[in-house]
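Please examine the sequence and the coordinates shown here before reading the briefing.

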Amino acid sequence: MSTERAGVPFAADALAWDKQDGLLPAIVQDADTRRVLMLGYMDREALRVTLESGHVTFFSRSRQRLWTKGETSGHTLDLVSIEADCDADTLLVQARPHGPTCHLGRESCFAGAPAGAGFLQRLDTLVATRERERPAGSYTTRLLEGGIRRVAQKVGEEGVETALAAVTQSDDELLGEAGDLLYHLLVLLRARGLGLGDVEALLEQRHAGGS
């Protein structure tokens with residue numbers, strides 16, 4: 001099985017399938033908050049379906065068949081990336097969840113699993129949820145439904161207000177305007193189908209290149 005086109009940094013045939021009767025444990029982590037969400041198992045077919053569909057799919061040991069997370073609940077896991085560990089016998093799956101991952105209605109199957117993300121990343125995740133669900137009465141919903149030009153206008157306004165605060169106002173007022181600017185920028189990115197992680201990846205790439 002070729003994984004090159006999916007951007008996966010390993011060859012599926014090089015994985016240690018024989019160690020556990022053709023199954024590999026797959027740890028699923030929220031790509032935005034870094035919180036561990038669940039543990040499942042993949043065989044070759046589950047890995048292939050995951051890569052081709054973009055929805056995280058496992059092999060159920062109890063039902064002896066493939067199952068895509070969320071196939072009944074709708075709480076799917078959208079694939080971001082997969083990597084193998086140093087022994088090639090465990091997979092780390094980065095995904096974006098749609099709804100709670102745990103069947104008990106929790107975000108994670110591990111109740112105490114910490115989120116490694118800072119507040120800005122958590123805010124970005126919340127904005128992404130608002131973009132998908134569009135709850136009534138939400139300011140974020142109103143912004144998004146106003147169209148990308150309206151959101152871009154708000155970013156421009158907040159940028160000007162932040163610059164003016166830096167020159168003429170107090171630190172508290174500058175921080176307030178900066179907070180408004182960051183929030184509206186996150187909404188603008190989501191309106192274009194992007195997120196904070198995409199900006200971070202670009203900055204990391206630039207840093208690695210010596211910028």
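Predicted model: local features only at pLDDT ≥ 70, side-chain atom pairs only at ≥ 80, totals over all residues.

Residues are numbered from 1 along each chain as its sequence is written, and side-chain values use heavy atoms, with hydrogens and water left out. Helices (H or I, at least four residues) and strands (E, at least two) are DSSP runs, numbered from the N terminus.

**The sheet**

- Four strands form an open sheet with mixed pairing, in the order E2-E1-E6-E5; two strands count as paired if DSSP finds at least two bridges between them.
- The edge strands are E2 and E5 (77–84), each of which pairs on one side only.
- From one strand to the next, the twist averages 25°.
- Strand E1 (residues 24–30) pairs with E2 in the antiparallel sense over six bridges.
- Among the bridge partners in E2, Met38 is that of Val28 and Gly40 is that of Ala26.
- E1 and E2 form a hairpin with five residues between them, and Arg34 in the turn has a positive phi of about 70°.
- Strand E2 (residues 36–42) is mostly covered, with five of its seven residues buried; buried means under 20% relative accessible area, exposed over 50% and partly exposed in between, for a 1.4 Å probe and protein chains only.

**Helix H1 on the sheet**

- Helix H1 (residues 44–53) packs on the sheet and touches E2 and E5, where contact means heavy atoms within 4.5 Å.
- The direction of H1 makes about 125° with that of E5; axes are lines fitted to C-alpha atoms, for helices over the stretch in contact, and angles run from 0 to 180 degrees between N-to-C directions.
- Ala46, Leu47, Val49, Thr50 and Leu51 are the buried residues of H1.
- These buried residues of H1 pack against E2, strand E3 (57–60), strand E4 (65–68) and E5.
- Just after H1, Gly54 takes a positive phi of about 80°.

**The H4–H5 pair**

- Two packed helices are described by the angle between their axes and the distance between the axes.
- Helix H4 (residues 148–168) and helix H5 (residues 171–191) pack at an angle of about 160°, and their axes are 8 Å apart.
- H4 and H5 are therefore roughly antiparallel to each other, a term for angles over 145 degrees, with those under 35 counting as roughly parallel, 65 to 115 as roughly perpendicular and the rest as oblique.
- Residues of H4 in this contact include Ile148, Val151, Val155 and Ala165, and those of H5 include Leu174, Leu181, Leu185 and Leu188.
- By class, the contact of H4 with H5 has 13 nonpolar, three polar and six charged residues; Ala, Val, Leu, Ile, Met, Phe, Trp, Tyr, Cys and Pro count as nonpolar, Asp, Glu, Lys and Arg as charged, and the others, Gly among them, as polar.

**Two individual residues**

- Arg190 is found in helix H5 and counts as buried because its relative accessibility is 13%.
- Not counting residues up to four places away in sequence, Arg190 touches Asp124, Val127, Ala128, Glu131 and Gly195.
- Glu83 is found in strand E5 and counts as partly exposed because its relative accessibility is 41%.
- Glu83 and Val93 are 10 residues apart in sequence and 6.7 Å apart in space, C-alpha to C-alpha.
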